[in-house]
Amino acid sequence: MKKIIAANWKMFKTSEETIQTLTELNTLTENIPLDNKEILIFPPFTSLEVAAKIVNNPYIFIGAQDLYPAKEGAFTGEISPTMILACGAKWVLTGHSERRHIIKEDNALVGQKTIFALASGLNVVACIGETLEQREEGNLYDVLAEQLQQTLAKLPTPLSPERLVIAYEPVWAIGTGKTASTEDIIEAHTIIRELLKNILGVSAMQTRILYGGSVKPENAHEILSLDNVDGLLVGGASLKADSFAKIISA
Ligand code: PEP
């Protein structure tokens, strides 16, 4: 299974800044052996097309940070999978914690987006994770189970396992500088693998589970070497090409 190193740029970078960062990344990754990795970059919608054109490394793919689950229609401000694919992007994020907690997306909508994206031909990184309050109340298992069940209900079949990736991102570790401990990561990823076995059957073993939450060049290697960690989803530390290149080569 190829490890995935993904960059979530959130609401950062104009198209010009995208060109600058990806030009640097093209150069920095020239000599990094990437045949065992897939690198995903999730820029804002306004940079998707230019990002897909500028990237010249066959192991780097572009994705959108969100989608609306309809082909087209009267949905002001929204973007469809057809439009994302037409920009040259192949991936999409669903259920990022900033969308769940700031934009108030619920599990049902995250599920609809995940299913619609997959059925439309996009590959999906579906994000799940608990808040600090949920963790402290002992609800880690229940929160992850609920999010996974609703996200993966009614998956299109057949679905090849490399098209659906789960990202475990504890909300309290995103953008806070607080990385989860190795024990926390192993515990959550083991729970997720077990839940996936119940939901997906045999393909659960080939479904990649990423960790996200304050990953940096200094901790990337250790986290990547943990059991059931099949890659990383990186926010802040992916914005500078040199820092992201270090994480890619970790
Ligand atoms: C993210 O945005 O998915 C993320 C993990 O952010 P950060 O790395 O900044 O915590």
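**Reading a strand, a helix and a ligand site**

Mentor: Strand 4 (residues 91-94) pairs with strand 5 in the parallel sense, over four bridges. This is a predicted model, and the values below are computed from it.

Trainee: Which residue of strand 5 is the bridge partner of Leu93?

Mentor: Val125 is the bridge partner of Leu93. Strand 5 is also joined to strand 6 (residues 164-168), by five bridges, and these two run parallel. In strand 6, Val125 has Val165 as its bridge partner.

Trainee: Which way do the residues of strand 5 point, and are they buried or exposed?

Mentor: In a regular strand, side chains alternate between the two faces of the sheet. Here Asn123, Val125 and Cys127 point one way from strand 5, while Val124, Ala126 and Ile128 point the other way. All of these are buried. Strand 5 covers residues 123-128, and six of its six residues are buried.

Trainee: Now helix 8. How far apart are its end C-alpha atoms?

Mentor: They are 26 Å apart; at 1.5 Å a residue, the 19 residues of helix 8 should span 27 Å, so the two values agree. After the helix comes Gly201, with a positive phi near 70°.

Trainee: Which residues of helix 8 are buried?

Mentor: An α-helix has 3.6 residues a turn, so residues three or four places apart point the same way. In helix 8 the buried residues are Asp184, Ile185, Ala188, His189, Ile191, Ile192, Arg193, Leu195 and Leu196. The elements they pack against are strand 5, helix 6 (132-136), helix 7 (140-152), strand 6, strand 7 (209-212) and helix 9 (217-224).

Trainee: How many residues does the largest nonpolar core have?

Mentor: It has 64 residues, and those with the most contacts inside it are Leu25, Ile41, Leu144, Ile192, Leu232 and Phe244. Helix 8 (residues 182-200) supplies the largest share of this core, six residues. Another core, of twelve residues, lies apart from it and includes Ala6, Phe42, Val165 and Leu210.

Trainee: What is Leu232 in contact with, leaving aside its neighbours within four places in sequence?

Mentor: Its contacts then are Ile4, Ile5, Ala6, Leu210, Tyr211, Val215, Ala220, Ile223, Leu224 and Ile247.

Trainee: How many residues surround the ligand, and which are the closest?

Mentor: There are 14, and the closest are Lys10, Glu169, Gly175, Ser214 and Gly235. A backbone N or O atom of Gly175 is 2.6 Å from a ligand oxygen atom, and one of Gly236 is 2.9 Å from a ligand oxygen atom. With Asn8, an N or O atom in the side chain lies 3.1 Å from an oxygen atom of the ligand.

Key
Residues numbered from 1 in each chain as written. Predicted model: local features only at pLDDT ≥ 70, side-chain atom pairs only at ≥ 80, totals over all residues. Heavy atoms only, no water. Core = buried A, V, L, I, M, F, W, Y, C linked by side-chain atoms within 4.5 Å. Buried < 20%, exposed > 50% of the residue type's maximum accessible area, 1.4 Å probe, protein only. Contact = heavy atoms within 4.5 Å. Pairing = 2+ DSSP bridges. Expected span 1.5 Å × (residues − 1). Near = heavy atom within 4 Å. Polar contact = N/O pair within 3.5 Å; in protein donor to acceptor, adjacent residues only side chain to side chain.
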